[in-house]
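Welcome! Please take a moment with the sequence and the 3D view below, and then we can walk through a few places together.

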Amino acid sequence: MKLSPQTVWPFAVIPLVVLFDQVTKWMVLAEPRLNALQCLGDGRLCGKIVVPGPVDLSMVWNRGMSYGLFQSEGIMRWVLAGIMAAIAIGFFAWLLKAEGRWLKLSLTLVVGGAIGNLIDRVRFGAVVDFVDVNELTAGYFPWVFNVADAAITIGAILLFVDQFLLSRPKRANSLEQG
């Protein structure tokens, strides 16, 4: 891989995603009204801050993957952490070979988000979730999430767009020429 601004930028963006995720989580953990560390063990809604507008802050410990899938505790916490680490490593390896701005951006967001949530899983056994858009979606999206989850979701959407919508014309042209 030749080093240039076109090839190096993803490796600067990954730490920025992780930093933004961890700083927002630190702010949530430090907010007494959210009662985060005191309710770590009991799996309930810790605290809520209603803010003007459709998005509230609701502290929830997520013991699963993104948006609460595959809840686990005990030894399964470490199995889940291992799976998350393997996925992050796999996407990072793909990023090292990736070509194209959209593909690199999508992989960068997924890797940064996965690392952010993995840090929480190792530190606490659960992930800090706090962005509550239930009111915005009129109850159609009842999950509480965080910056890392948002990065993973946006990265996955961009990956889908790149692989199935943007790459389709390229594949069609290569099939016609081959």
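Let us begin at a pair of facing residues: Val131 stands opposite Phe145, which belongs to strand β4. Keep in mind that this is a predicted model. Strand β4 covers residues 144-145 and runs antiparallel to β3, with two bridges joining them. Strand β3 also pairs with β2 in the antiparallel sense, here over five bridges. In that pairing, Asn62 stands opposite Val127 of β3. As for cover, β3 (residues 127-132) is mostly hidden, with six of its six residues buried.

| Partner of β3 | Residues of partner | Bridges | Sense |
|---|---|---|---|
| β2 | residues 56-62 | five bridges | antiparallel |
| β4 | residues 144-145 | two bridges | antiparallel |

Next, look at helix α4, which spans residues 147-177 and contains Asp149.

Finally, turn to the surface. A nonpolar patch there is formed by Ile75, Met76, Trp78, Val79, Ile83, Ile87 and Val122, and together they have about 630 Å² of accessible area. Helix α2 (residues 75-97) gives the largest share of this patch, six residues.

Notes:
Residues are numbered from 1 along each chain as its sequence is written. This is a predicted model: local features need pLDDT of at least 70, side-chain atom pairs count only at pLDDT 80 or more; totals for chains, interfaces and linings use all residues. Side-chain values use heavy atoms; hydrogens and water are left out. Helices (H or I, at least four residues) and strands (E, at least two) are DSSP runs, numbered from the N terminus. Buried means under 20% relative accessible area, exposed over 50%, partly exposed in between (1.4 Å probe, protein chains only). Two strands pair if DSSP finds at least two bridges between them. Patches are made of residues with over 30% relative accessible area and no salt bridge: like charges are joined within 9 Å, nonpolar side chains (Val, Leu, Ile, Met, Phe, Trp, Tyr) within 5 Å. Accessible areas come from the Shrake-Rupley method with a 1.4 Å probe; for residues, only the protein chains shown count as cover. A salt bridge is a side-chain nitrogen of Lys or Arg within 4 Å of a carboxyl oxygen of Asp or Glu.
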